[in-house]
Amino acid sequence: MRKMLFIVLSMVLVISLGISGGRASVVSAADEYDGLRDKWTEMLNGGSSYNTLDTDISAKITEITNTAQTYWDSMNKAPSRTYLWSDLSSTTDSTHIRDSYRRLKDMALAYATAGSSLANHTTLKADLISALDWMHANRYYAGATKHGNWWDWEIGSPLALNDIVVLLYANLTATQISNYMNAVDYFSPDPTKYNGGSTATGANRVWKSTVVAVRAVIVKSSTKLNSSRDALTAVFSYVTSGDGFYRDGSFIQHTKHPYTGGYGKDLLNDLANVMYLLNGSTWAVTNSGKSNVYQWVYDSFEPVLYNGAMMDMTRGREISREFRQDHTVGHQVMQGIIRLSQIAPPSDAAAFKSMIKYWIQADTFQNFYSTVSSIHYIVLGKAIVSDSLVVSRGELVKHKQFPNMDRAVHLRPGFGFGISMHSSRVYNYESINSENIKGWHTADGMTYLYNADQDHYSNDFWPTVNSYRLPGTTVNQNSTVSQSRTSSKNWVGGTQLQQTYGVSGMELQPYGYTLQAKKSWFMFDDEIVAVGSGITSTDNKAAETIVENRKLNSSGNNALVVNGTAKSTSLGWSESMTGVNWMHLAGSAPGADIGYYFPSSTSVKGLREARTGSWSQVRSASPSTSITRNYMTLYLDHGSNPVNASYAYVLLPNKTSSQVSSYASAPHITVIEESADAHAVWEQGLNILGANFWNDTTKTLQVNGSHYLTSNKKASVMTKETASQMEISIADPTMANTGTIEIEMHKSASSIAFADDGITVDQLSPTIKLTVNVSGAKGKTFSAKLNLDTAPPIPVRIEAESYHAMSGVSLVNPTTDIEGGQHIGSANNGDYTRYDNVNFGTGASNMKLRIASNNSGGTIELRLNSTTGALIGSSTISSTGGWSSWTTINMPLTGATGTQTVYMVFKKSDANAVANVNWLEY
């Protein structure tokens with residue numbers, strides 16, 4: 001009777017805790033929800049089948065254990081406590097709630113981690129549950145009044161609390177689970193809304209969906225799982241304004257801030273986790289838009305992840321967080337890509353694993369496995385690296401423009417180069433919550449150079465660099481700028497050619513100042529050319545262009561050579577150098593040297609200094625511990641209130657001092673225009689012209705004294721010419737042109753090889769004229785390739801008697817050939833004639849010979865450099881009907897290129913003559 005009563009009461013309890021308005025329920029029987037919860041548990045703690053003897057896994061277990069032990073030891077366990085931790089005791093600071101749950105999660109993780117000395121620790125479990133009950137009673141419960149930052153209440157705290165409940169699920173009562181989950185539902189009931197009903201977008205929407213999804217798994221709510229899944233649909237779609245991913249690879253959050261490596265990284269990770277969690281279940285993500293997620297990896301993340309480091313120009317205010325320097329964040333992105341590889345279509349999964357293998361192996365600064373959030377990623381990462389079927393991607397060589405976030409990246413063998421800009425469309429920098437306090441000039445044309453010196457931006461760069469002098473920028477000396485400001489200028493952007501070369505430009509006018517400048521970067525193969533003009537200001541401050549601000553080695557003694565002369569390696573050195581033609585700065589790692597070439601003799605100021613700062617100076621909540629790093633600063637002083645000042649210099653990454661000296665003696669580039677109308681650079685080795693046209697006026701550029709390229713509108717243009725083709729790329733960086741750009745190339749073409757939609761080829765001859773419809777193009781590059789109008793080559797005729805040497809042949813004058821002249825005869829086996837300086841150019845495929853013969857069975861050979869040299873052609877001779885019966889034969893040629901010495905060799909197996917020859921023609 002008692003047993004029956006117990007069963008009935010149990011059923012009543014289950015029913016009474018059933019799903020009602022999304023409130024918590026607990027079902028005792030194993031079902032699909034339990035499977036999903038177990039899956040999430042393994043994602044958090046790595047499961048239990050990993051090898052605890054693996055050194056990386058063992059180190060992670062130790063880290064998890066030590067972190068938990070530290071928090072447990074410092075936690076206030078008194079029955080009458082008013083806080084859990086003394087440094088998180090505020091009742092008005094919402095981060096104290098969030099961070100309390102995060103610490104409890106770290107403790108719960110150790111409790112649930114196989115191999116930890118705290119695994120299944122009874123006292124730890126009791127203290128954890130007591131702390132959770134205290135938080136519910138005093139801080140975070142359904143009906144509590146929010147204070148501080150909405151994000152902590154609706155995202156930060158519930159994300160951590162959900163994970164804690166998953167990790168401790170078997171140890172919690174139904175009432176406890178109900179209490180905790182009711183609190184989560186109270187603050188985050190709808191994955192599409194935040195902070196009182198605003199529509200959640202971008203990373204915030206994915207975070208909200210994650211909160212609702214994991215809670216739904218815990219409370220077993222199909223309705224909530226459906227709503228969290230369906231909320232993701234809006235995130236999959238590309239946007240054309242505001243927050244989200246753009247088709248050009250840009251990612252924006254907070255309306256106008258570039259954030260691929262910040263909010264975009266979090267969006268990728270959490271979205272990948274939710275998609276993986278639901279994959280194969282009743283609630284699997286089936287919306288076709290999920291294919292966009294896989295494309296984001298290629299377009300948005302891969303180009304800005306360099307040797308395991310996420311480029312700081314995409315990370316917004318997160319650059320000021322000492323616990324999230326670039327390699328650590330790069331590894332977080334890699335975790336999201338690993339997760340996607342588990343559910344992506346086979347071709348994408350293979351590509352993602354190939355990337356991961358390369359990045360893990362290429363990152364020699366920071367061990368990937370030491371930074372991951374879960375042992376699960378160690379297991380997955382090692383499986384990829386050890387899989388012989390996964391081929392490492394290798395170094396990515398690519399140029400990529402991100403028009404919708406004013407960024408560009410140029411990836412070449414051995415280095416990567418980034419440019420960070422802002423415009424009337426994109427904010428300069430973000431500094432909220434007392435973060436990124438010194439971000440003033442990070443989007444004023446700051447340039448980033450990544451090479452073998454992998455710790456450059458990771459080893460405490462931001463608290464120690466002189467934030468008034470960031471490389472690439474043109475600034476008022478010691479000036480600050482307000483955050484989240486747009487410029488008055490819309491000419492910011494560029495174009496790319498063959499996804500290999502590029503040009504970017506920026507009309508600079510920092511908010512609140514009169515300073516303005518036109519700045520361009522021309523990115524070729526092993527060089528980046530920086531050009532500036534129109535530098536003008538009435539701000540009563542000295543204006544400077546910062547050529548370099550490079551972190552040096554721990555001694556600060558990286559060699560600096562100027563025009564062949566070594567400068568002092570002592571910290572504290574400074575000098576105003578005049579007549580500078582080239583400079584070379586030794587790297588802090590092998591292969592990380594940097595060269596600088598100045599096309600015109602230039603005055604450069606240099607400073608070698610030790611700089612001390614702290615992370616708290618760039619983010620108030622960070623440690624105030626003093627840090628010292630050494631720097632080399634090279635800059636151009638334009639003087640106070642400059643008028644139309646200018647500059648030009650070339651960055652030469654990874655070149656030795658001797659290579660830079662040689663380059664300066666015979667530079668590959670010519671700055672052909674540096675005016676108010678245009679900036680243009682010609683790379684003669686590549687036959688590439690890069691040009692930025694600044695105004696809506698017809699402007700023609702000349703190359704080598706001849707008209708070459710004309711544009712009638714503001715545009716960024718690149719051309720590449722070969723012997724037979726001309727390729728051109730055009731973009732409207734202003735995004736303001738609602739009509740067309742007319743381009744004229746002063747060449748003649750015979751036909752169109754290809755042209756993107758939007759390009760109309762109006763004329764091929766006598767010049768090439770294109771009209772490009774850029775209305776609504778959002779900075780997109782338009783490309784076309786044309787076959788040049790090259791006249792048939794003029795045949796080159798060699799008279800047979802014009803030999804430079806011969807053996808055995810005779811000269812017949814006059815010839816019996818109706819074409820006149822002389823011919824050679826009596827050519828028997830082994831006889832030859834030699835012709836010097838035969839110029840085949842880029843290649844000849846056929847040789848015509850004018851011959852007469854009364855015999856058959858002989859052979860005429862053409863050889864290079866000797867009678868037994870390389871054979872480039874051979875023809876068997878048949879009788880033409882007599883020694884005066886002439887005909888023309890064709891001899892196919894192979895390997896006939898360049899200027900050569902050619903031997904015409906006669907072969908025959910008997911004593912009879914082979915042939916008479918009048919001329920050869922190719």
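A word on the model before we start: it is predicted, so to speak of local features we need pLDDT of at least 70, side-chain atom pairs count only at pLDDT 80 or more, and totals for chains, interfaces and linings use all residues. Residues are numbered from 1 along each chain as its sequence is written, and side-chain values use heavy atoms, with hydrogens and water left out.

Let's begin with the whole chain. Along the principal axes, its C-alpha atoms fill a box of roughly 130 × 75 × 55 Å. There are 17 helices and 46 strands; these are DSSP runs, H or I of at least four residues for helices and E of at least two for strands, numbered from the N terminus. Of the 922 residues, 57% are buried. Buried means under 20% relative accessible area, exposed means over 50%, and partly exposed is in between, with a 1.4 Å probe and protein chains only. As for contacts (heavy atoms within 4.5 Å), take those between residues at least 6 apart in sequence: 70% of them join residues at least 24 apart.

Now to the charges. In general, side chains of opposite charge can pair when their charged atoms come close. How many salt bridges does a search of the whole structure find? The count is 46, where a salt bridge is a side-chain nitrogen of Lys or Arg within 4 Å of a carboxyl oxygen of Asp or Glu.

Have a look at R393 and E302, whose side chains meet in a salt bridge at 2.9 Å, N to O. This pair links distant parts of the chain, 91 residues apart: R393 sits in the loop between α16 and β8, E302 in the loop between α12 and β6. R393 is partly exposed at 23% relative accessible area, while E302 is buried at 9%.

Next come E435 and R321, with a salt bridge of 2.7 Å, N to O. Here the partners are 114 residues apart, E435 in the loop between β10 and β11 and R321 in the loop between β7 and α13. Buried or exposed? E435 is buried, at 4%, and R321 counts as buried too, at 13%. Both E435 and R321 also belong to a network of salt bridges, whose members include K265, D266 and R619.

My last pair is in strands: D637 in β22 and K605 in β21, 32 residues apart. Their side chains meet at 2.9 Å, N to O. D637 is partly exposed at 34%, and K605 is partly exposed at 26%.
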